[in-house]
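Have a look at the sequence and the 3D view first, then read on.

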Amino acid sequence: MKKQILNLSKGILFLLLCAFSQHVFAQNVTVRGTVTDTRGELLIGVTVQVHGTTIGTVTDANGSFVLPNIPSNATLEVSYVGMATQAIALDGRTSLRIIMEEDMELLEEVVVVGYGTQRRQDVTGAIASVSNSVLKEVPAANMTQALQGRIAGVNISQTSTRPGATSQIRIRGSRSLLAENDPLIVLDGIPFAGTLGDINTNDIRSIDVLKDASASAIYGSRAANGVILVTTFRGATGAPRVTYNGSYGIKTVAEKYEVFSAEEFMQLREVAGYTQYLPQEREMIAAGRSTDWQDLMYKDGYVTDHNLNIAVGNEKGQYSLGLGYYDESTVLPGQDYKRFSIRLSMDQELGKYFKVGLSTQNNYSITNGEGASLMYQMLSMSPLAPAYNDDGSIYMQPAYPTDDYYNPLLINEVDTWAQNRKRFTTFNSLYGEINFTDYLKWRTNVGLTYTQNNYGHFNASKTPFRNGNPSEARVTFQPSTSWTIENMLYYDKIFADKHKVNAVAMFSAEENESNQFRADALDMMADFMLYYNLGYYKEGSGNISIPADNQWYSKRALQSFMARVNYGYDNRYMLTATARRDGSSVLAPGHKWKTYFALSSGWNIINEQFMENQDLFSNLKLRVGFGQTASQAIDPYQTLGSLAQNKYNFGDENAFGYYVMNLANPELTWEPTDTWNLGLDFGILDGRIIGSVEWYRQDSYDLLYDKSLPPTSGVPGRVVVNEGKTRNSGMEFSLMAEIIRPAVKSGFSWEIDANLAFNRNKILALSDGLTTDEGRGFFVGHPINVIYNYKKIGIWQLDEAGEAAKYGFRPGQVKLLDYNKDGKIDANDRHVYGQLDPDFEGGFTSRMSYKNFDLTAVSFFRVGGTLISQIHQGNSYTNMLQGRRNQIKVDYWTPWNPTNEYPMPDGSNDQPAGNYGSTLGFYDAGFLKVRSISLGYNFEKDMVSGLGISALRLYSTVHNPFVFFSDYMNHGGGVDPEGTNYGSSGYTGGTGGIQARQIVAGLNTPPTRSFIFGLNVTF
């Protein structure tokens, strides 16, 4: 009996110990963590829930979460739309770093919408998002280059091929004729006064583009042309996380300009009847030698990019530091771009109700040779001219003495010239939050931006820039400051589990101030001084000047009130209403304020009961919206008119006088735009294919327009008025598809992103009922950017000599269309016959992976439209067909080569194209360009963990490897199917039909192909 009692006692004691141990090991703890994707990007809006309970939370804007008072042995369920759901056993852990893998639905749960965030399924406007990992697929100094062809409806056009050059961005076309068409940039929630080139691409976590008025109206007048929201990386909870991304590459000439060879050049001269060979040319011919000036000038360039990011924090505070260095040169001497960047952010909770934060973005860039172009000398220099003397020194003037062109190789003497731009930008933002309750919050944002833009250049006398003329120097200083203050009240609450209300009200003010000073000097005392002391010029022959037209001061301010309400019912029906009132300092008194609104709605069809038993759709949502924005994007003081300075004789002395240049307009007011948007989001086949379709129409009226004045007014300038109307309409298609889904994690997978868009813009009305403005190239019923000119229909042939004579031409000359059929060619035959905008454009990205390897290819394309090649126009010195200089190689007419491409060469002073050289050089603008191909390898974690590394990836990238289907490159000998200059760089206006605002193919640094190697490592 005693033994049985003893055994029973032992059993009871064992059960008590087990119960006690269970109580000890199941004690409640607070768990903190961060959630990232496989690329290390922090994820916001991830649901983290204790399995089997209703206890849970979502990650915040820093990818962090906190779960207080939960069992230490609990299992957490982590879910996120687009990612595979995970079950994680705590096993007593209180700090987690969770990495989620994509599930190919790719519907980001939370997007930035302006003054807040929304779940993707709740969005009712037209918003497109791009993550950091997508941006990094195209190596670029400027994020616009990485965005090209990635977002439907966002047209990004290069305007130069030089290092550090910016691009032109148009969201759903151009609306204004005078005002700016550039979108608003918002950096970390605050409007940014700098450029996208001032932001290090590696600091960017995501980009969200607001395309329609229902989404962008919350930013008011500044959002008339769309909004680009840039969100940078911030700190995270957990142990310090260090990430390094570095790369180095070699740049080579992708395509050389095609010019006549020595033999072809001599044949050109023979046809043109030009026989004036220089003595040195005859020596070269006798020796059987020739010079390829491009081969002598080009050299390999380089590009290197290094970025270090450190993130650390806890539940109370998160901190982040980013350092960047970018350095790029090109294939021409003296052209390079460097950028140094430092980013710091802090988010700190102060007790239960308060939170503060700050971030500072600082960039310092140096651009050399931004205006140094010797392409004309390189292409026009005779291939029979020597580059060097017999002793190896540079042949100073190989061209005709009357041309005054020095040898372009002199650019390699770096101490004789300089073109240097130093730009410093610091953007600093601070915020403070007061959480009154879990649904009511106050937030104040303060943004401060300072930019200093200093430029200096010097060209010595014996350089190819001055060609023996006196040296010149110039300095320009351009400081600018801006500040923004925003006060916002947020309300966010759910009623009865089905009614969700989110509201924000705001008052804001901002001010921008800038000025410019410029001074010029001529004939400096010594070349080594460059531009650092303009006072040292030579007495008598030199001088210093401060040109009045290049000094200016500008100040503008904006005050705003805004309110937005989002309402959602049962995750099925959504409604967003926005109202805003702006007051602008640049408009006339009594017309400074404008109130506008936007309304949009959404229907999540997929959440309806009748969709429960179908398997085709995984997502289906319909969106519709209407809104109004208004532009005030003109220079300040347009309402005041302006005076101009002129010199005149006052007795025996010169004096300055002033006259009215532009008239004032006391009625100048806003330029409104009304926008409709209809969208459909869909996902099919269990999320293997997802996409969206958008239709929009934008009507802009009361356009800000500078109207010319009649000569009888006595005012030579213009007056800015509100007249005219334009319309943009179009459709956008976006698609993401998982072509091959792997059966196992390491299996082969293939994903494709694609987008396509078309935009049709049209001028509906101009000033005073006019239908044409020839000087500006505006025509009612036609797009904004058109070709208005005579139309070349061929070359007059030998059997057409009689007909040609009737029009005053002869065989071998340009044949023009007699548009009005009156039997003569005159100004009445000019007409609109082409547009520069493409019929449609888009892009696609292919991503393949197998085991630890990944292969990515990024491409974009354009179809239709016209590309103007200024270098092929007869007005250009690069295609004069006279034989005096070398030039672009063209298929010219001769009796034995009766082509219809270019006229017969003529060595006389008359141009072969007559007065109609501007009718040459038009090509179909369509092409397909492969931007980059990247191959990467991701090391297994257990292979590198011993080195303290949590992730390591090596990759190689070819940038700009291929171009297909380009009429300009295949038939015109062009080097790049994209534009490389604005029209202002060559022949503009008049009968030429090219406007300064239009992007054309002009002489510029040739495009390059880069071979890059890099690594991404996370500690």
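Predicted model: local features only at pLDDT ≥ 70, side-chain atom pairs only at ≥ 80, totals over all residues.

## A helix and what covers it

Helix α5 spans residues 262-272, and its buried residues are Ala262, Phe265, Leu268, Arg269, Val271 and Ala272. "Buried" here means under 20% relative accessible area, with exposed being over 50% and partly exposed in between (1.4 Å probe, protein chains only). Helices (H or I, at least four residues) and strands (E, at least two) are DSSP runs, numbered from the N terminus. Part of the cover over the buried residues of α5 comes from α6 (279-287).

Residues are numbered from 1 along each chain as its sequence is written, and side-chain values use heavy atoms, leaving out hydrogens and water.

## Strands and sheets

In general, strands of a sheet pair through backbone hydrogen bonds, either parallel or antiparallel. Two strands count as paired if DSSP finds at least two bridges between them.

Take strand β12 (residues 167-171), where 5 of its 5 residues are buried. Which residues sit on each side of β12? Ser167, Ile169 and Ile171 are on one side, Gln168 and Arg170 are on the other, and both faces are covered. Strand β11 (residues 154-158) pairs with β12 in the antiparallel sense, over 5 bridges. One spot to look at is serine 157, whose bridge partner in β12 is glutamine 168.

Next up is an open sheet of 5 strands with mixed pairing, in the order β10-β15-β16-β13-β14. Its edge strands, β10 (127-131) and β14 (190-191), each pair on one side only. β10 runs antiparallel to strand β15 (residues 204-210), and 5 bridges join them. Within that pair, valine 130 has isoleucine 207 of β15 as its bridge partner.

There's also an open sheet of 3 strands, ordered β4-β1-β7, again with mixed pairing. The edges are β4 (64-71) and β7 (95-100), each pairing on one side only. From one strand to the next, the twist averages 30°, an angle between N-to-C directions on a scale from 0 to 180 degrees, with axes fitted to C-alpha atoms. Strand β1 (residues 28-37) runs parallel to β7, joined by 6 bridges, and valine 35 stands opposite isoleucine 98 in β7.

Here are the bridge counts side by side:

| Strand pair | Sense | Bridges |
|---|---|---|
| β11 and β12 | antiparallel | 5 bridges |
| β10 and β15 | antiparallel | 5 bridges |
| β1 and β7 | parallel | 6 bridges |

Serine 482 is in strand β24 (residues 472-495). Is serine 482 buried or exposed? Serine 482 counts as buried because its relative accessibility is 11%. Leaving aside residues up to four places away in sequence, serine 482 touches Ala193, Gly447, Leu448, Thr449, Glu511 and Asn512, where contact means heavy atoms within 4.5 Å.

Over on the surface, a nonpolar patch is formed by Tyr573, Trp603, Phe610, Leu622, Val624, Trp676, Leu678, Leu680 and Trp695, with about 810 Å² of accessible area together. Areas come from the Shrake-Rupley method with a 1.4 Å probe, and for residues only the protein chains shown count as cover. Patches are made of residues with over 30% relative accessible area and no salt bridge, joining like charges within 9 Å and nonpolar side chains (Val, Leu, Ile, Met, Phe, Trp, Tyr) within 5 Å. A salt bridge is a side-chain nitrogen of Lys or Arg within 4 Å of a carboxyl oxygen of Asp or Glu. β30 (617-631) and β33 (671-684) each supply at least two residues of the patch, and the largest share, 3 residues, comes from β33. Tyrosine 573 lies in strand β28 (residues 573-584) and counts as partly exposed because its relative accessibility is 34%.
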